[in-house]
Amino acid sequence: NRALGQNFLASDAAARTIAEAACENRCPVIEIGPGMGALTAELVKCAQRVAAIEIDRRMAEIIADRLPEVQLINEDGLIAALGGRANIAANLPYYITTPLCMRFLSLGADGSIPAMTLMMQREAAERFTARPGDRVYGPLTVLAGYYYEVTKLMELSRDMYYPQPDVDSVVLKLTAKGAEKLFELEWLLNRAFAMRRKTLSNNLRAAGISDERLKSLLGACGIEGNIRAEKLTVAQFANIAREIGAHGK
Ligand code: SAM
């Protein structure tokens, strides 16, 4: 089902490498979208416990049949509860890569997702590794960069999938840094990048922050109001979020 992003991994060697990376810290692993089990079959060899969340009932039945030791949840990964502390592994369905990643980053902010090993389109991966000023630098980049160490594990060409997608893929490994949870960071990022062409001040004003508070907030962080969000570093965003957390909006 192409609408569900069903391009299955057809390389045992790649599946093994990805599974080993996903199991490095010995935590249980939750796989999102196991499909027919290419990655799942390798995960069960190296993780102490594997759960899988699959939206497509036919795929869920295949997994239940083939890998009965996997705890299968036939639900949408965008809303399914993840349970306790666990790593995430996924060959992400391309049509919801961004919302899924935003959800995991948000849930992982409290340390409950120590590592994520994620296969995604090269273009999506560029958003994780973007630098301030890059076209694709945005909320995902900053959230990932604040909470996780992002490394590129490998590149996968399109002929390693069946059916072949129109794009090449990248596997990223995200390892939690143990950073302090900043409750206001996600709110701040969504507001600061709401209108990319507007300045940071204008976006925050539109979010309801008064002129007076903007002055004290940005002043306390040593940031000019007329800068655009795309130019701020991860550390600068973290400072603003910390300041909002300490003294309010
Ligand atoms: N992991 C398998 C592999 O590597 O061969 C399949 C990967 S395929 C790219 C994406 C899988 O995610 C499919 O099995 C698809 O049915 C499933 N999927 C799509 N949308 C989903 C969602 N919202 N929640 C959970 N699974 C989803």
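Here a residue is called buried under 20% relative accessible area, exposed over 50% and partly exposed in between (1.4 Å probe, protein chains only). The model is a predicted one, in which local features need pLDDT of at least 70 and side-chain atom pairs count only at pLDDT 80 or more, while totals for chains, interfaces and linings use all residues. Residues are numbered from 1 along each chain as its sequence is written, and side-chain values use heavy atoms, with hydrogens and water left out.

In one of them, the side chains of Lys-173 and Glu-24 meet at 2.8 Å, N to O. This pair links distant parts of the chain, 149 residues apart, with Lys-173 in strand S9 (residues 169–176); strands (E, at least two residues) and helices (H or I, at least four) are DSSP runs numbered from the N terminus. Lys-173 counts as buried because its relative accessibility is 8%, whereas Glu-24 is exposed at 59%.

Another bridge, at 3.0 Å (N to O), joins Glu-61 and Arg-57. Both residues belong to helix H3 (residues 57–66), four residues apart, or about one turn of the helix. Glu-61 is partly exposed at 45% relative accessibility, and Arg-57 is exposed at 52%. Elsewhere, a network of salt bridges links Arg-122, Lys-152, Glu-155, Arg-158 and Asp-168.

Notes:
Salt bridge = Lys/Arg side-chain N within 4 Å of Asp/Glu carboxyl O.
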